[in-house]
Amino acid sequence: MKTPSPGLVIRWMSFAEDGERIVSLRRQVFVEEQGYGEDFIRTPYDEQGLHLGAFDGDQLVSVVSLFIFDDDPEVFARYNVPLKSGRLLQYAKRAELAPFRGTRLADFMVASLARAAFEVLRPRYSVILLQGEHTQLQKHYGKFGAEYHSKIPGPDGTELVVLLVPSHTPDIARGAYLKLRKMQEVVGAHLGLRAPSLVKFLERTGRMNLIPMAALTAENLYTAPLSLRDELPRLSAQTRLLFGEQKPRIAAVEFPPPPARFLDVGCGPGVYLSMLMRGSKLQGYEGVGLDASKEMVTYARLNRPDLTWLQASVYDTKLPDQHFDVVHANFLFIHLVSPQLALREINRVLRPGGIFYVVDVNDSTFDGPPEIAQLISAHHELYDGDRSVMSSLPHLAAEHGFSPMLNFSTRVRNTSTSPEPVFLKDEVLLDRIKMWGLFSFLAQREELARYLKSAMEYYYSSSCEMSICVETQVYRKTS
Ligand SMILES: C[S@@+](CC[C@H](N)C(=O)[O-])C[C@H]1O[C@@H](n2cnc3c(N)ncnc32)[C@H](O)[C@@H]1O
């Protein structure tokens, strides 16, 4: 497979700003190479559309467009889709300069567009129109979840094939999303490309109203599949372990002097925030815990009525602008479908120069036998959250106005024989049983039972070593 130019950068484009460049690339490909007419390279939907472009230096070399139809009966009828109301997205006008074809750049572009669309725009249906049968292309788009739907009349007596990616039920939407997310990750890693933040682009171009906030804020990936009664003891044990791991990290950070306001987003049962507030580092701070789960907040309130606990989504906290000196997130980002929306909201509630402190496990740092690695990757392919988000967070955080201050990584290993955790520099040693306990949340997912059984059998019948990193990233709000 050819590799594209090493300096490629992917950017969102609006037709108002970049229309001429988009049209010029379409002209080169569709008119000059493929013989279509000039009328093929502009559509009335371009102005309101979203366009994702790949640039080699200053040159636009690839573009794919997304047209957005909300409650548009005329278009729904024309495309013959089952929709009566709701949001329909059309993927269209994919154009690429010849030297870049065969590099999988187009796959990356389409998968990035579709991934962002699911994470931020949530369509009920997505449509691709083909000019004629194009069986190869139909097969290709099948990889993105698109199925043959119908044929409709095209211009000048031609026929258009309508491919549909249904997402009218959460399960169907999720299935397609997980498939194309995987493709985007694999192709992105192969090409060394990253997709830019759609949320940042919508904010910059004044189109945040496109985001269905009610649907997104109602979501809690963490609590949805879990029984809280089973989960709370595991979470409390993990939190205490994390507190030990975090002691030197917290000590190394220069927090602003009190009085100051500290917000813990995704605070869960509030055990961690309570422990932090008792320590000397945050003396004189006002502590606020926020979590999307009503049960978690109720538990936290009962436990520590002297602190403030709020039930809200990190995507839309309802808190005032620039109110906090520090925003802290422990094991929250791995449970979000839209980390970009969370970053935007955290930036909004932080004062200029405020600190954003985030801690999470990173599954991509797992080191251990294939029997267990397989379980971890099976979970990744099944879970809408992203337990490797710490690898992409620096890039996203930079786009959302954060500059890196400090970065730590602690490798947690299963090599101790002591029942108590051993805290070393950049390492925590656990005994085998405690280490396995970190993965016990997987037992609550039926779909993983097969992988879990063989991983567990292997783990307990061997003396295999395994380890994984907990990462801490500390940022300052700079814009
Ligand atoms: C693994 S727990 C971590 C709890 C706590 N930070 C700790 O370290 O013990 C993840 C928490 O994130 C919360 N959560 C998930 N999605 C959220 C969202 N969109 N907004 C706010 N909280 C969310 C869940 O309810 C859960 O309490």
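The shell around the ligand divides into 13 nonpolar residues, nine polar and one charged. In this predicted model, 23 residues surround the ligand. The closest are Gly-266, Gly-268, Ala-292, Ser-293 and Asn-330. Helices α8 (228-252) and α9 (271-278) are the elements that give two or more residues to this shell.

Next come the strands β8 and β9. Strand β8 spans residues 260-265. Six bridges join β8 to β9, and the two run parallel. Arg-261 has Glu-286 in β9 as its bridge partner. Strand β9 covers residues 285-291. Five of its seven residues are buried, so β9 is largely enclosed by the rest of the structure.

A cis peptide bond joins Pro-258 and Pro-259, with omega at about 0°.

Now step back to the domains. The assignment gives domain 1 as 8-211 and domain 2 as 216-477. Their centres, taken over C-alpha atoms, are separated by 35 Å. The contact between them takes 14 residues from domain 1 and 14 residues from domain 2. On the domain 1 side, the elements giving two or more residues are α3 (105-121), α5 (170-191) and α6 (198-204). By class, that side has seven nonpolar residues, one polar and six charged.

The largest nonpolar core has 121 residues. Which of its members touch the most others? They are Leu-113, Val-127, Val-265, Val-327, Phe-333 and Phe-356. Helix α3 supplies the largest share of this core, eleven residues. The core draws on both domains, with at least three residues from each of domain 1 and domain 2.

Leaving out residues up to four places away in sequence, Phe-333 touches Pro-339, Ala-342, Val-358, Asp-360, Val-389 and Leu-393. Val-358 stands opposite Gln-473 in β16.

Strand β16 holds residues 467-477. Is this strand mostly covered or mostly uncovered? It is mostly covered: eight of its eleven residues are buried. Strand β16 has pairings with β12 and β13 to trace. Strand β12 (residues 350-367) runs antiparallel to β16, and nine bridges join the two. Strand β13 (residues 402-413) also pairs with β16 in the antiparallel sense, over eleven bridges.

Why does Leu-375 count as buried? The cut-off is 20 or more other C-beta atoms within 10 Å. Leu-375 has 24, so it is buried. Its contacts, leaving aside neighbours within four places in sequence, are Leu-442, Leu-448, Tyr-451, Leu-452 and Ala-455. Take Leu-448 as one of them. Leu-375 and Leu-448 are 73 residues apart in sequence. In space, 7.4 Å lies between their C-alpha atoms.

His-134 is found in the loop between β5 (125-131) and α4 (135-142). Its phi is near 40°, a positive value in a residue other than glycine. Gln-322 has its place in the loop between β10 (308-311) and β11 (324-330). The phi of Gln-322 is near 50°, again a positive value in a residue other than glycine.

How exposed are these two? His-134 has 13 C-beta neighbours inside 10 Å, so it counts as partly exposed. Gln-322 has 13 such neighbours inside 10 Å, so Gln-322 counts as partly exposed too.

Note on methods: Residues numbered from 1 in each chain as written. Predicted model: local features only at pLDDT ≥ 70, side-chain atom pairs only at ≥ 80, totals over all residues. Near = placed C-beta within 6 Å. Helix = DSSP H or I, 4+ residues; strand = E, 2+ residues; numbered from the N terminus. Nonpolar A, V, L, I, M, F, W, Y, C, P; charged D, E, K, R; others polar. Buried ≥ 20, exposed ≤ 12 C-beta atoms within 10 Å, placed from the backbone. Pairing = 2+ DSSP bridges. Domains from an automatic or database assignment. Contact = placed C-beta atoms within 7 Å. Core = buried A, V, L, I, M, F, W, Y, C linked by C-beta atoms within 7 Å.
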